[in-house]
Amino acid sequence: MKTEVNENSHVSINHQSKGGRSQSGLRIHNERRILSIIRKEGAISKAKISNQTGLSAQAVTVIINGLEADNLLVRKEIKKGSVGQPSVPFSLNPDGAFGIGLKIGRRNFDLTLIDFVGNVRATLHQVFDYPTVQGLLSFLEDGIKQITLNLPSEFASRVKGIGIATPYEIWGWAEEAGAPTEALNEWKEFDLANGVSKISYLPSYICNDDTAACSAELSFGNPHGFTHFTYAFIGTFIGGGVVINNSLLTGNAGAIGSLPVPVIKPNGELATQQLIMKSSLFVLENMLNDAGYDSHQIHSSDSYWQEYVDIVDDWIEQVAEGLTYVALNSAAVFEAQAIVIDGIFPEDVRDKIVERTNNKIEASDLRGLSSLMCVNGVIGSKAQSVGSANLPLLATYFQELDL
């Protein structure tokens with residue numbers, strides 16, 4: 001497969017099967033539709049695919065056979081007992097394709113290898129005070145070799161690219177991140193996509209880090225089946241994504257960290273403050289540092305969070321206040337069904353954030369708004385890295401091409 005990006009940033013694919021026969025754009029489109037349906041359903045028969053797509057049984061059979069020959073699909077156990085011929089469900093072959101994800105954070109790098117169904121096959125993690133370009137290149141050069149070490153040699157061609165999840169303008173908010181301005185300014189001049197491709201020898205796909213995390217939740221999570229929701233990922237800075245009609249909006253959509261939140265000044269004057277300053281992890285770091293504790297430990301030890309539960313609870317309270325504001329605005333603007341919460345923290349801390357946010361939503365004036373809830377994300381702290389690893393798979397095989 002050769003992947004090219006056209007002027008509208010959508011991905012087009014020139015595909016040749018093993019037999020060397022060229023495929024039309026319509027055939028490629030139908031392949032993507034069928035792969036997307038199978039991923040959503042988990043396993044599905046050709047007859048049901050035909051019903052969902054409107055394609056003839058013969059057309060579906062030809063496409064399924066081709067995808068199976070390309071090792072992208074596997075046959076599951078035949079379902080018997082129903083009227084008519086026994087149906088053979090097909091599912092994605094986990095070994096059919098792989099994606100590598102690189103998450104560039106303000107406190108850590110993550111490198112993750114996922115398979116065709118989103119299983120994490122290998123992952124690496126590095127913690128630091130602030131990110132540097134040279135640190136990234138060193139981490140990446142050794143890391144790609146390590147996470148692909150256990151892949152059989154015949155699977156090497158099935159690694160379809162490396163997705164890069166990075167904050168937009170990572171050089172911004174240097175003071176809040178506790179980083180030297182000159183070190184972060186190196187990122188302004190660094191050609192990230194080209195630099196990564198030179199090391200990985202793979203096509204690279206860049207996405208905002210929290211948009212990537214939302215992509216992971218949409219593709220591999222979302223057990224409630226929400227079609228409209230706001231996603232919040234709480235890292236060093238809070239960020240998020242917006243899903244409408246099962247489609248992830250891109251660009252600056254979901255930049256909830258920049259959302260102006262009303263605050264009351266000490267003199268009683270009404271003002272605004274960005275949500276980043278209220279519901280981010282660096283706020284907890286500052287609270288711990290001010291109390292004389294080592295805030296770095298929250299990035300390496302779950303038990304550390306329990307030692308300073310009073311400070312953590314105070315932080316959770318103001319995080320929940322900010323998230324409630326986001327949730328109510330989302331419900332008012334595009335009728336969001338939920339706000340989904342994930343981040344770099346232990347599961348019990350996430351559970352508390354969700355509980356407090358739900359309590360605050362229920363206590364709010366909800367007149368004129370549809371029902372709304374706050375729920376846990378299911379991907380966890382690796383959501384940004386998993387989401388970035390999903391980018392090459394989305395670009396190559398599926399319909400979700402807005403990324």
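K352 is partly exposed at 32% relative accessibility (buried means under 20% relative accessible area, exposed over 50% and partly exposed in between, with a 1.4 Å probe and protein chains only). The model is a predicted one, in which local features need pLDDT of at least 70 and side-chain atom pairs count only at pLDDT 80 or more, while totals for chains, interfaces and linings use all residues. Residues are numbered from 1 along each chain as its sequence is written, and side-chain values use heavy atoms, with hydrogens and water left out.

The side chain of K352 meets that of D313 in a salt bridge, at 3.5 Å from N to O (a side-chain nitrogen of Lys or Arg within 4 Å of a carboxyl oxygen of Asp or Glu). D313 lies in helix α12 (residues 309–334) and K352 in helix α13 (residues 347–362), 39 residues apart; helices (H or I, at least four residues) and strands (E, at least two) are DSSP runs numbered from the N terminus. D313 is partly exposed, at 31% relative accessibility. Helices α12 and α13 also hold E317 and R356, respectively, a pair 39 residues apart. The closest N and O atoms of the salt bridge between E317 and R356 are 2.9 Å apart. E317 is partly exposed at 27%, as is R356 at 26%. Salt bridges with shared partners join D95, D115 and R121 into one network.

The count of salt bridges comes to twelve. Among them is the contact between D110 and K382, at 2.9 Å from N to O. This pair links strand β7 (residues 108–115), which holds D110, to the loop between β17 (373–376) and α14 (383–397), which holds K382, across 272 residues. D110 is buried at 2% relative accessibility, whereas K382 is partly exposed at 22%.

Nine aromatic pairs are counted (rings of Phe, Tyr and Trp, the last by its six-membered ring, with centres within 6.5 Å; planes under 30 degrees apart are stacked, over 60 edge-to-face and the rest tilted). The ring centres of F237 and F282 are 5.3 Å apart and the planes stand at 75°, so the pair is edge-to-face. F237 is in the loop between β11 (229–234) and β12 (238–244) and F282 is in helix α10 (residues 281–290), so the pair ties together parts 45 residues apart in sequence. F237 is buried at 9% relative accessible area, and F282 is buried at 4%. F109, F128 and F139 form one aromatic cluster.

R39 lies over the face of F398, at 4.0 Å from the ring centre (NZ of Lys or CZ of Arg within 6 Å of the ring centre and within 35 degrees of the ring normal).
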